[in-house]
Amino acid sequence: MSKRIDVNNLNVYYSNFLAVEDVSLAIEPKSVTAFIGPSGCGKSTFLRTLNRMHEVIPGARVEGEVLMDGVNLYADAVDPVTVRRHVGMVFQRPNPFPTMSIAENVLAGVKLNNKRISRADADDLVESSLRGANLWEEVKDRLDKPGSSLSGGQQQRLCIARAIAIKPDVLLMDEPCSALDPISTLAIEDLIQELKSQYTIVIVTHNMQQAARVSDRTAFFNIAGTGKPGKLIEMNDTPTMFSTPSEKATEDYISGRFG
Amino acid sequence: MTTTEQSPETTPPSDYGTHPGAAANHAFKWVSTGAGSLILITLAAVATFLLMEAWPAVSMPAAELGDAVSFIKPEDGQSLLEIVGYLVYGTILISVIALLLGTPVAIGIALFISHFAPRRLAQGLGYLIDLLAAVPSVVYGLWGVAVLVPFLQPFYQFLADYLGWIPIFAPPESGEVFTGRVALSAGIVLAIMIIPIISAVSREVFLQTPKLHEEAALAMGATRWEMIRMAVFPFGRSGMIGATMLGLGRALGETMAVLMIISPGLTFSPYILQPNQHNTIAAYIALQFPEANALGVNSLIAMGLALFVITLLVNMLARWVVSRRSEFSGAN
């Protein structure tokens, strides 16, 4: 399952401070969409509004709508907990639960949704999720060891396995490789390419080569200055964005003239 | 730098020997080592004192000790060893009641302050809980006797009437709970006394839960409570056990409140709604000490030794529990 996302006139506030202003964009299903832009431009904040994770931060709120296959995630009847079960997230730093084994980590989200899962089903799910995250071969003999015993790159793939185990419609990735070495980064990028056949993927990255390598469409966010809100400057197919961007600011950023 | 040639301006080697911080660092090393050793010396001194002072009473034949000390009556089944047995039982029983009642409330308060309450309310509530810890135990005892015990008596009667078939809630023979000065009351007051320390320590531990793990749980669709079970409790587990042990330590050693509340007795009875059944080591020592002769004091010190040993065992048990799954602890 993968779904399309349409964002209409979204403003994000931290208390009274407008952090992201008037974003409207569309994210296609079964594709990779990258958000790029300088630090503090609101791309991570905006990403979090796609599964309502910004609500964890006290005082954060939004105006506008986020439609997932036509359903507004901010409608009154929508529970943020349910939203997050449909929109998975992978964070900047790998965060497997240190008190759980590798297998328990994979099943952590499933056990929330469906408390009673047979032993055989659980084993199958652990294997298929770890295979999906390209981690199975490396950990199949030590599934009962703590998740924190893995290397950083393996931990991040474990987090991806944990996210896809609950079969989300959309997978959000907030700079998933920024804490990893180049080899692990490559492994994650390959994985993203494979995952896009099943999921809608949105990735925030600081690394423009990464955006160029993995994404189908790229959105460039920018900020006019400190204390000003972040804005969506332009969004287009990735090859177009990196060859012939229509905005001067985009061209300056991707050619390394600032940011 | 491949050249070994020395120019005349090069600093002479002697300047590489010491630096201004060296003396302070040296002093710090000795002060901290000294402080560490002091703990061991104190512990050894206490243990030696208890053993030496208890020895005259412990080594004496039961009958002789009974003649010499007024509160030891071997002929009534109250030899020194038997009294220690009753008191150890009473101490543990009352402390366990206190822990069972106090810990869930304390953890609840800590969670409310760390994860549920609005920030401003949480701060005020935190100070209030810390204040509870500052109330002297004699005040708790007075409050227990004057306010809590009469207040609880009808409730005890209710328990006895409807749950009296469970042995621990059996009323006295008349069927009437005629006084509230029973083990359960002592346990309840102790529970209130240990809540501040348990909740203060747990709160600090809960607040240190990595944001990363909390967000991991929330992002896969955990409710607040599920997030607490997935991220906060596993991370804070050893801290919670430590906090509970601190509380248990206070409950085991608490003297004044128990002394004032309980109507004492020496039995192994399970009836926590009946008076004259239980007493704790600390309260018994305080009760008998003013009237005790030399051998009587030796006997009381032997009881103190028993309390010391229990406390030591409790702490070792807690250490063992904490270390059992250290591989999986939040520390890696």
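Biologist: How much of chain B counts as buried?
Modeller: Of its 332 residues, 36% are buried. Keep in mind that this is a predicted model.

Biologist: What is the secondary structure of chain B?
Modeller: Chain B has 11 helices and 0 strands. Read from the N terminus, the elements go α-α-α-α-α-α-α-α-α-α-α.

Biologist: Is chain B compact or spread out?
Modeller: Spread out. The globule rule gives 20 Å for 332 residues, but the radius of gyration of chain B is 27 Å, well over that, so chain B is more spread out than a compact globule. Its C-alpha trace spans about 100 × 60 × 35 Å along the principal axes.

Biologist: And what share of its contacts join residues at least 24 apart?
Modeller: In chain B that share is 78%, counting contacts between residues at least 6 apart in sequence.

Biologist: Let's look at a helix pair. How do H3(B) and H6(B) cross?
Modeller: H3 of chain B covers residues 80-116, and H6 of chain B covers residues 183-207. Their axes come within 6 Å and cross at roughly 35 degrees. The crossing is right-handed.

Biologist: What kinds of residues make up that contact?
Modeller: The contact of H3(B) with H6(B) has 23 nonpolar residues, 8 polar and 1 charged.

Biologist: Switching to chain A. Which elements does it have?
Modeller: Chain A has 10 helices and 10 strands.

Biologist: Does its size fit a compact globule, or depart from it?
Modeller: It fits. A compact globule of 259 residues would have a radius of gyration near 18 Å, and chain A has 18 Å, which agrees. The C-alpha atoms of chain A fill a box of roughly 55 × 45 × 30 Å along the principal axes.

Biologist: How many of the residues in chain A are buried?
Modeller: 47% of the 259 residues in chain A. As for contacts with a separation of 6 or more, residues 24 or more positions apart account for 70% of them in chain A.

Biologist: Now the interface. How many residues are in contact there?
Modeller: 23 residues of chain A are in contact with 19 residues of chain B.

Biologist: Which elements of chain A give two or more residues to that side?
Modeller: Helix H2 (80-86), strand S6 (87-90), helix H3 (102-113) and helix H6 (152-165) of chain A. H2(A) gives the most, with 4 residues.

How values were computed:
Residues numbered from 1 in each chain as written. Chains lettered and ligands numbered in written order. Predicted model: local features only at pLDDT ≥ 70, side-chain atom pairs only at ≥ 80, totals over all residues. Rg over C-alpha atoms; globule rule 2.2 N^0.38 Å. Buried ≥ 20, exposed ≤ 12 C-beta atoms within 10 Å, placed from the backbone. Contact = placed C-beta atoms within 7 Å. Axes fitted to C-alpha atoms, helices over the stretch in contact; angles between N-to-C directions. Left-handed = near helix turned anticlockwise from the far one by under 90°. Nonpolar A, V, L, I, M, F, W, Y, C, P; charged D, E, K, R; others polar.
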